[in-house]
Amino acid sequence: MRIRKYTLAAAVAAAATAGLTLTPTPTAAAIAPRPVPSDFNGDGYADLAVGVPDAAVGGKARAGYVNVVWGGRSGVGAHGSIRVHQATAEVPGTPEAGDRFGASVALEDTNGDGIADLLVGAPGEDVTGRGADAGAVTVVGGAKDGPGPGANVLIGPSASSAYGWSVAAADLTGDGNSDILIGGRDKVVLRTADGILTTVLTTPMGGRAPIMATGDFTGDGTADLALAYWTVNAPYTQSHVRLWAWDAAEERMANTWNTDNAAASALAVGDFDGDGNDDLALGECREIADENIDDPCGPEEYAKGGGIHIHYGNAAPGGFGSRRQTLNQDTVGVYGRAENGDRFGAALAAFDWNGDGRDDLVAGAPGEAIGTRAGAGSATLLLGGETGLVDAYGEGHSVAYQQDTPRVPGIAEAGDAFGAAVVSGDYDHDGTPDVAVGSPGENAASGGVWVLPGASANGSYAFTPAKLGLPTASSALTYGKTLSSH
């Protein structure tokens, strides 16, 4: 959830302008340090969850597991990791072929104890009395001595429900507790912290997971849901990005804003212009349903190779999305060239890299060709500014990374899909966010994760299943395709 408070930052800025010195106000007791988001073992360092749903467990093909990679003083990947699966003592269930445990993952503090918990989707879970691929979502408690007790949050109601295709958590009801959002086949449901179960939306979603992100889009101080889905002739063609907010009177989510005919492969929430309002970035935005509708993803030429369309927040009632920007790899100041199949924006992560109070955005382009090597992939850091991700002159400001970038390890090879997933977290706790980039096609689709400390090529490194000592797979793991961290 990306609801911010800028009171302290504003006070510091005002004091600096006036030439004043801020002194701490004496208190009876020291203020407790803020919990570190995505810290699953309570050691004060952000961790990284890697979903590996295509892995075998106990000889069961594609039973799946989650690899939690520990952060630490030397960064993520240098301090070991653990596997969490349905044979883990604290986790309910039994590994079965095709469960795909880890198809979706999220590290969120769901119980308010200051330690992140692990939410895991298993859309292929077969449930007795409900049928094959009913699906399930499990929460595994974070703990200082290892995983805490786990429990099923929700299981699918019938065969092929595929609950757990996607998962997210945020305080949507405003009661201070985390609520859990579950995406399944053609459906999104919400389970609130106090046990209310309500359907957000049921509609054809093209046989793929609905894309979810949370942020305060209504300006009321409570998180809302951003939801993207699209279909082609299944049974009809449609593409939507929609916002939903909690209606306390009706005890359900209410649709508050739509942009129709806009298909997106990724969503990211951040304050890219620093005005204190949450903005929404649509990754790989393109028209699908009706080419005659006016530019729901910006000018049509910006969709080539994948475009990013930003709807900016506004504190005025109903003001969200009144200001928009679009960019792609043909935008001046954005590295690269827009080419069909690049998939620029297929993965997004927002964070404030340089501490200027304006969020920046990392955009993965897993289809990017590096020279003649098709699908080698890249990731681009787009800097936020006074007017957002595009400045007053219509230009962007960016830095690009791929495996042929100097000081980035590895060699760009066809099909690496570097940039298929991107996340950020301060894994070494030095005060500057780091970036993790998934490359699931690496090493014949065994996969790997590249870490850019401080979002820089300097000191960058990679880890793979082999380097972490994970079991050797008899089939492709596609490690790095599904990542979660803050």
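**Labels and their grounds**

Tutor: This is a predicted model, and the count comes to 1 disulfide.

Student: What makes the link of cysteine 285 and cysteine 297 a disulfide?
Tutor: The S to S distance between cysteine 285 and cysteine 297 is 1.9 Å. The cut-off for a disulfide is 2.5 Å, so the pair qualifies.

Student: Which hand does the link of cysteine 285 and cysteine 297 have?
Tutor: The link is left-handed, with -70° about the S-S bond.

Student: Which parts does the pair tie together?
Tutor: Cysteine 285 belongs to strand S18 (residues 279–287), and cysteine 297 to the loop between S18 and strand S19 (307–311), so the pair ties together parts that are 12 residues apart in sequence.

Student: How confident is the predictor in the protein, going by the mean pLDDT?
Tutor: The mean pLDDT is 91, and 91% of the residues reach 70 or more. Residues 1–33 have a pLDDT below 50, and this stretch has 27 contacts in the model beyond near neighbours in sequence.

Student: Which residues have the most contacts inside the largest nonpolar core?
Tutor: They are Leu48, Val69, Val76, Val449, Phe463 and Tyr479, in a core of 24 residues. To belong to a nonpolar core, a residue must be buried and joined to others through side-chain atoms within 4.5 Å.

Student: Which elements give two or more residues to this core?
Tutor: They are strand S1 (48–52), strand S2 (65–69), strand S25 (421–425), strand S27 (449–452) and strand S28 (461–463). S1 gives the largest share, 3 residues.

Student: What is valine 69 in contact with, leaving aside its neighbours within four places in sequence?
Tutor: Its contacts include Leu48, Val50, Val76, Phe463, Leu468 and Tyr479. Apart from this core lies another, of 18 residues, among them Phe344, Leu348, Ala350 and Leu389.

Student: What makes S12 and S15 edge strands?
Tutor: Strand S12 (211–215) and strand S15 (252–260) each pair on one side only. They belong to an open sheet of 4 strands, in the order S12-S13-S14-S15, with antiparallel pairing. Neighbouring strands of this sheet are turned by 25° against each other on average, direction ignored.

Student: How do you know that S13 and S14 pair?
Tutor: Pairing needs at least two bridges, and 7 bridges join strand S13 (residues 224–231) to strand S14 (residues 238–247), so the two strands count as paired. They run antiparallel, and leucine 225 stands opposite tryptophan 244 in S14.

Student: What is found between S13 and S14?
Tutor: Proline 235 lies in the loop there. A cis peptide bond, with omega about -5°, joins alanine 234 and proline 235. Most peptide bonds are trans.

Student: Why are both faces of S27 called covered?
Tutor: Val449 and Val451 on one side and Trp450 and Leu452 on the other are all buried. S27 is joined to strand S26 (residues 434–438) by 4 antiparallel bridges, and S27 and S28 pair in the antiparallel sense over 3 bridges. Tryptophan 450 stands opposite alanine 462 in S28, and valine 437 stands opposite tryptophan 450.

Student: Why is alanine 162 called buried?
Tutor: Its relative accessibility is 2%, and buried means under 20%, so alanine 162 counts as buried. Alanine 162 lies in the loop between strand S7 (150–155) and strand S8 (166–170), with phi near 55°, a positive value.

Student: Why is aspartate 133 called partly exposed?
Tutor: Its relative accessibility is 32%, which falls between the cut-offs of 20% and 50%, so aspartate 133 counts as partly exposed. Phi of aspartate 133 is also near 55°. Most residues other than glycine have a negative phi.

Definitions and conventions
Residues are numbered from 1 along each chain as its sequence is written. This is a predicted model: local features need pLDDT of at least 70, side-chain atom pairs count only at pLDDT 80 or more; totals for chains, interfaces and linings use all residues. Side-chain values use heavy atoms; hydrogens and water are left out. pLDDT is the predictor's confidence in each residue, from 0 to 100. Contact means heavy atoms within 4.5 Å. Buried means under 20% relative accessible area, exposed over 50%, partly exposed in between (1.4 Å probe, protein chains only). Axes are lines fitted to C-alpha atoms, for helices over the stretch in contact, and angles run from 0 to 180 degrees between N-to-C directions.
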